[in-house]
Amino acid sequence: MISAEASATTSVRVALGDRAYDILIGRGLIAEAGRAIAERLPRVRAAIVTDETVGGLHLAALTASLDAAGIESVPIVVAPGEGSKNFATLETVVRAILAARLERGDIVVAFGGGVVGDLTGFAAAITRRGMRFVQIPTSLLAQVDSSVGGKTGINTAEGKNLVGSFHQPDLVIADTGILDTLSPREFRAGYAEVAKYGLIDDPAFFAWLEQNWQGILSGGPEREHAVATSCRAKAKVVAADEHETGERALLNLGHTFGHALESATGYSQRLVHGEGVAIGMVLAHEFSARMNLCSPDDGIRVEAHLKAVGLPTRLSDVPGGLPDAQDLMKRIAQDKKVSRGTLTFILTHGVGKAFIAKDVPPAAVEAFLNDKLAG
């Protein structure tokens with residue numbers, strides 16, 4: 001069960017004009033979710049999309065909170081895991097929303113990790129040509145990254161998140177206490193996205209993480225600080241570049257490599273998203289060093305920190321092996337950051353100095369991957 005102990009709530013504003021919304025961060029916020037929603041979205045009914053794991057642990061508490069605020073709700077429960085981000089599950093969710101006779105002005109609540117958030121947001125975007133929705137992320141990864149910014153979508157056999165839309169939530173409620181029920185593996189996977197914000201453009205934050213990561217994992221006040229810092233960074237980038245036509249692409253540091261690795265492992269539990277990002281961020285620093293863009297010491301530093309936290313950092317850390325470099329390059333070529341067949345990577349001039357690199361030579365990337373796969 002979620003701890004009843006509440007902490008002070010931090011509010012971060014995503015400034016998008018008349019579509020601006022708040023991110024509420026703190027312990028014990030599930031109990032306050034109904035009130036927070038009713039204040040901003042009065043007289044609504046709700047569909048709560050969750051997975052079997054989160055639903056079994058926390059759905060009753062959320063339903064009680066909505067009931068207390070006079071919000072009638074219907075649960076829609078899907079299977080846990082990346083495998084639910086597909087057309088079949090999307091159809092199931094959309095039809096369940098319609099069967100509940102929810103109207104366009106009602107809300108769809110995403111109550112789960114990044115998979116549930118992406119799936120639910122896309123369902124809300126296309127049902128009745130756009131319904132309002134609320135993100136209540138239950139994983140660290142979702143709280144600091146996927147719940148903020150309006151990216152929604154599903155996976156296909158061709159690649160990750162290739163079908164979707166931008167659809168901003170009306171509210172994000174990040175209860176940091178709910179993270180206590182995550183498995184250590186899932187929490188560490190989410191930590192990779194926290195580290196990412198320091199590696200993009202905040203070297204002081206990355207240095208702080210190197211000193212304070214244990215407090216984040218154990219649930220001390222460092223956790224709320226890390227989540228709030230990450231959300232402020234994400235909110236700033238989203239407000240400046242909502243549809244990823246410019247600097248928002250920086251948020252994909254490590255993701256081009258990481259998504260290819262996830263695809264190669266079949267979006268399975270062999271490698272969860274944050275683990276792919278962790279390996280991808282190390283590879284991005286090492287490839288940058290090979291291209292004489294940064295010092296090899298930067299990659300060594302990044303790998304040392306992520307390894308200390310307990311994350312995989314090398315291709316050899318992926319259980320079950322990987323396909324060859326040519327296969328990985330085909331998967332990279334399906335990445336959304338490919339433009340007219342040319343490769344775009346997020347590379348770096350050092351810790352906290354990421355930049356968008358266009359027209360990266362595919363031959364250089366393939367040679368690099370060949371060397372890494374060979375150990």
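The side chains of Glu-224 and Arg-27 form a salt bridge, with an N to O distance of 4.0 Å. The model in which this pair occurs is predicted. The protein chain is divided into two domains, with domain 1 covering residues 3–180 and domain 2 covering residues 184–374. Between domain 1 and domain 2 the count of salt bridges is seven. Polar contacts across the interface of domain 1 and domain 2 amount to 14 residue pairs, both residues of each pair being at pLDDT 80 or more.

On the side of domain 1 that touches domain 2, two or more residues each are given by strand S1 (10–14), strand S2 (21–26), helix H5 (140–146), strand S7 (151–156) and strand S8 (159–166). Of these elements, H5 makes the largest contribution to that side, with six residues. By residue class, the side of domain 1 that touches domain 2 comprises 13 nonpolar, 11 polar and nine charged residues.

The C-alpha centres of domain 1 and domain 2 are 25 Å apart. In contact across the interface are 33 residues of domain 1 and 32 residues of domain 2. The size of an interface is often expressed as the accessible area lost when the parts come together. For domain 1 and domain 2 the buried area is about 2900 Å², and carbon and sulfur atoms give 62% of this area. Leu-140, Val-144 and Lys-160 supply 22% of the area that domain 1 buries against domain 2, more than any other three residues.

Technical notes:
Residues numbered from 1 in each chain as written. Predicted model: local features only at pLDDT ≥ 70, side-chain atom pairs only at ≥ 80, totals over all residues. Heavy atoms only, no water. Domains from an automatic or database assignment. Contact = heavy atoms within 4.5 Å. Buried area = accessible area lost by both parts, 1.4 Å probe. Polar contact = N/O pair within 3.5 Å; in protein donor to acceptor, adjacent residues only side chain to side chain. Helix = DSSP H or I, 4+ residues; strand = E, 2+ residues; numbered from the N terminus. Nonpolar A, V, L, I, M, F, W, Y, C, P; charged D, E, K, R; others polar.
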